[in-house]
Amino acid sequence: MSAGVYNVICEQGASFRLDLTYTNDDGSPIHLAGFSAQMDIRRSHTTNSRLISQLSTDNGRIQTPTPETGEILLAIPSEDTSELPTGEFFYDLFVWQNIPDGEGGFYKESRKVIEGKFVVRAGVTVL
C-alpha cells in the first residue's frame, strides 16, 4: 500500500492540529496499538536537509487516541508554531512497531502513512 499525499497548511502562531484515519485499501481501519510514529518536516526531500520540526509519539505531538480505529492526531502548540520559519517544506509520517525476530531480538516493521508539502504561512497578530 502506497502512502497518501496531502499538502498541509500551518498558520504561524496558531495551534496546529490534523486528524487522520489510517486505513487499508478497502477502507477498514489499521489497528495501531503498539505502534510508534514520527513525522519530520524538512527544507527538502532529503534526510540530510535542515530539520524544521519533528512530531513523534515520544514527544507527544503524535497521538493515537483510539488505536483500533486507525486514528492519528498530529498537533503543534501555538507557542511552537510561532517559532517555525515561513515557507514551503516537505514532510512524511511513518508508523512502526518492533516485531520479535525469533532469536531474542526485534526488527522494525515500518510503513509510510502520508507525505506532502508542509506550508507555514506568516502570522501578523502577536498574542
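So, which strand does Y91 lie in? Y91 sits in β8, covering residues 87-100. Quick housekeeping: this is a predicted model, where local features need pLDDT of at least 70, side-chain atom pairs count only at pLDDT 80 or more, and totals for chains, interfaces and linings use all residues. Numbering runs from 1 along each chain as its sequence is written, and side-chain values use heavy atoms, with hydrogens and water left out.

Okay, the overall picture. Along the sequence you read β-β-β-β-β-β-β-α-β-β. The C-alpha atoms fill a box of roughly 55 × 30 × 25 Å along the principal axes.

Now, contacts, meaning heavy atoms within 4.5 Å. Of those between residues at least 6 apart in sequence, 62% join residues at least 24 apart.

Burial next: buried is under 20% relative accessible area, exposed over 50%, partly exposed in between, with a 1.4 Å probe and protein chains only. Buried residues are 32% of the 127 in the chain.

Back to our tyrosine. Y91 counts as buried because its relative accessible area is 5%. Setting aside neighbours within four places in sequence, Y91 touches a list of residues including Y6, V8, M39, I41, I114 and F118.

Technical notes
Helix = DSSP H or I, 4+ residues; strand = E, 2+ residues; numbered from the N terminus.
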